[in-house]
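Okay, thanks for coming, everyone. I'd like to walk you through a few local features, so let me put the model up.

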Amino acid sequence: MTVANANPPKPAVRRPLVKPDRTALLVAFFVVTSVLLLISHAPDVMRNLGPFGDVLRNKVVEALIVSLFLANVLFAYLWKAANWAKLLVGAGSLLVVLPWAGRTDTSLLDLSIQIMIFAALALGLNIVVGLAGLLDLGYVAFFAVGAYTWSIFASPRFGEVLKYYGSNPGTTGSGTLAIGLVLTAVTAGSMIFIRSLHGRIAPTRASNLSFLIAGFGLLSGIILVGRSILVLFAGSAEAVANGINPGFFWLFLALSIMTAALVGVLIGLPVLKLKGDYLAIITLGLGEVIRVLANNLSLYTAGSQGITPIGSASVPWFNGLAGALGFRPDQFYLLFLYVLVLAVIALILLVNVRLDKSRIGRAWVAIRDDEIAAQAMGVPLMQTKLIAFATGASFAGVMGMIFAAKQTFISPESFNLLQSITVLSMVVLGGMGSFSGVILGAAVVTLLNLRILPGLGEASANVSWIPQEVNPANFNRFIFGSILVAMMLLRPEGLLPNKRVARELHHEDDQEDESGDGNASGLEAGGDVYSAGFATTKEDDKTGGDR
Amino acid sequence: MIKTTTRPPTSGLSSTSILEVDALTKEFGGLTAVNSVTMHVPERAIVSVIGPNGAGKTTFFNMITGIYAPTRGSIKLAGRELVGMRPDQVTEAGIARTFQNIRLFSSMTSEENIMVGRTCRLKSTFVDAVLRTRRFHETEAEAREAARVMLDFVGLSKWRNEIATNLPYGDQRKLEIARALASTPKLILLDEPAAGMNPRETEDLKALIRRIRDELGVTICLIEHDMRLVMTLSEYITVLDYGTKISEGLPHQVRNDPAVMEAYLGRGAAAGEYGKEEAST
């Protein structure tokens with residue numbers, strides 16, 4: 001311990017802070033930014049403002065106004081203010097002002113949807129990386145799975161697939177359907193049986209092998225059933241020439257969650273025995289595998305050409321409501337998606353918070369802190385990690401589907417490695433393990449990439465004294481990267497750090513102090529050295545590694 | 001709820017074994033770290049495993065707790081075979097442990113650490129947590145109660161909301177024990193619990209270990225280098241050297257066993273006065 005820290009440690013984070021009440025400031029900020037946002041997205045009004053209108057039309061200024069406006073929500077969350085003010089600002093920003101400004105400029109709605117989709121991805125990845133400490137570099141794969149789950153069925157692709165099976169039925173028919181169903185039932189039954197057996201007796205090589213064989217049987221059964229169904233329904237190819245009934249949208253919201261979670265488990269099962277760098281590399285590889293599959297399974301995914309047009313839900317009552325509020329018919333759809341995404345992300349946030357404060361959330365953090373100790377305390381490693389993987393994947397899955405419906409076009413290129421890295425940078429930038437942090441990270445990164453940096457490029461392109469070679473428009477990624485590096489140097493715990501992570505970083509600082517202190521020798525040696533306050537969080541092979 | 005029934009202290013060893021380790025062997029490649037060790041731990045006893053550095057004590061513990069799979073041999077807890085179980089299943093079966101180098105969850109408070117220790121006894125599921133069912137609230141309350149009881153038991157109530165790794169060293173050791181006890185084990189394995197402690201802390205620890213046995217009825221098996229602690233606390237001692245059991249018995253028998261002195265002090269010293277003195281301190 002350093003001299004300064006000699007007293008029993010009371011970290012600064014825990015000191016009760018008396019925050020000033022900022023109700024008035026919050027409301028004032030809300031009003032000002034709302035007015036600015038509404039003006040800057042109303043071309044008619046700006047035309048009458050003369051030079052001030054020109055300033056507002058500047059892309060950088062516009063991007064800043066949007067950012068400031070979104071900061072309303074952040075401040076409503078962070079500042080100490082009356083609850084009515086917080087509610088007013090939060091709900092007013094997201095439910096009233098933003099859609100209203102989007103009425104005259106749909107790109108604003110588009111941007112908000114994009115931010116929220118990324119926020120959901122960041123929240124999902126945050127469970128895997130931030131809470132459970134499993135570095136996943138292939139996270140976008142689950143996003144792709146969700147997107148393709150809906151796209152294949154809700155586009156002309158489905159008709160094409162049925163047509164293909166109609167002309168190539170092979171030996172498949174109702175007979176194989178029956179066989180497939182029986183095979184599926186039998187193998188699934190035996191897998192469940194072996195599982196329950198393993199609960200009572202220790203697994204043997206024979207039981208493990210039969211479990212594996214049953215697994216293959218189950219897979220072939222499912223493929224057989226799927227193929228038979230496709231062949232049997234080939235006749236209705238014409239009926240679904242433009243994709244299935246939009247009414248299935250709601251069913252597929254659930255299906256995309258389940259499919260992505262299932263893929264999460266299937267990818268997780270073989271890789272989650274690995275740790276750290278190894279896990280990162282193999283998830284990176286598997287993420288690419290999903291993208292390459294999308295590229296090569298061209299019957300289903302149309303390969304690199306991509307799937308288009310992708311249908312979406314039709315909600316007449318919502319259209320009626322939007323019409324009554326003065327939205328144009330071509331904006332109905334975007335507004336609907338905006339509200340849907342807002343609802344989904346609220347739900348995701350709720351699930352996140354509840355899981356965090358439960359047995360499972362504690363188990364995740366325990367695994368992140370010390371895997372061996374966690375397991376020795378009775379945390380089932382594989383199961384807990386798989387839950388983290390599947391939960392994270394399911395968030396990505398549902399947002400992938402909404403993303404596909406919004407874009408009406410997806411191709412494997414929408415799901416490349418850069419996307420995974422971007423989401424990871426949101427998590428790290430915002431603060432690993434902190435829900436508000438990763439949402440902020442998503443907003444900041446998306447705003448930077450979609451508005452601020454392009455706006456900067458566009459604005460500086462017309463400035464005569466900036467040579468074309470150093471135009472920021474050509475250095476978007478460089479500037480983005482520099483911001484990340486600077487963040488990591490100045491504030492490694494993220495913008496809105498998780499309390500635990502902050503505490504841990506502080507703790508590590510303390511430790512560095514200690515080890516520079518000379519007193520720390522004999523730390524590991526044991527013996528009779530009186531060593532108050534020492535703790536080692538280092539891995540120690542003596543206590544055992546992986547099985 | 002945590003078992004807090006007070007039972008009278010045992011006098012003498014019970015005849016039934018809670019843990020039966022038979023011919024346990026672990027080979028790492030060509031190296032035999034533990035060689036056919038047999039050890040029976042009587043119920044509600046305090047037993048020690050001692051031996052020079054590198055004798056295979058921790059490997060022995062790691063096999064019992066499922067971290068290493070034994071090459072050969074069997075481990076039975078109250079008649080139930082443990083070989084082949086994962087560490088978390090072993091914990092659920094009733095063996096808890098602490099670590100030689102403290103392994104607390106460094107970003108959690110003392111209370112949360114103990115709540116994790118309770119995990120395997122909590123029955124709430126993912127769905128319970130998301131939907132906040134009654135079962136969820138019950139298990140949370142149970143975990144919190146377990147933490148409260150255990151913090152009280154080891155005398156760390158004042159540190160309840162303090163980050164575990166901010167605690168004084170001796171208290172971290174106690175917290176690790178409390179975390180292990182939260183799983184209501186039948187047997188607790190303590191890997192060098194007194195390492196790095198000063199004599200006063202060691203005395204505290206000794207009293208705590210006795211109370212774990214007497215008040216909670218938990219059988220205790222410890223690895224320890226502090227001979228004074230081992231000799232005054234243990235009712236039965238097993239000595240390992242180079243992975244082989246070289247001696248076992250009551251403390252005074254082990255202390256006077258020439259094989260043990262030889263292992264600790266070398267062949268020459270074993271016969272001399274110095275050896276006796278050292279072994280009896």
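I'll start with some backbone details and then move to a pair of helices.

First, the housekeeping: this is a predicted model, where local features need pLDDT of at least 70, side-chain atom pairs count only at pLDDT 80 or more, and totals for chains, interfaces and linings use all residues. Residues are numbered from 1 along each chain as its sequence is written, with chains lettered from A and ligands numbered from 1 in the order in which they are written.

Chain A gives us a cis peptide bond between T308(A) and P309(A), with omega about -10°. P309(A) sits in the loop between α13 (298-301) and α14 (316-324); helices here are DSSP runs of H or I, at least four residues, strands are runs of E, at least two, and both are numbered from the N terminus.

Over to chain B. R44(B) isn't a glycine, yet its phi is positive, near 55°. You'll find R44(B) in the loop between β2 (31-42) and β3 (46-50).

Now the helices. The axes of α6 (169-181) and α7 (199-216) of chain B come within 11 Å and cross at roughly 15°; axes are lines fitted to C-alpha atoms, for helices over the stretch in contact, with angles from 0 to 180 degrees between N-to-C directions. That makes α6(B) roughly parallel to α7(B), the term for angles under 35 degrees. Residues in the contact (C-beta atoms, placed from the backbone, within 7 Å) include I177(B) and L181(B) from α6(B), and L205(B) and L208(B) from α7(B).

How values were computed:
Parallel < 35°, antiparallel > 145°, perpendicular 65-115°, else oblique. Contact = placed C-beta atoms within 7 Å.
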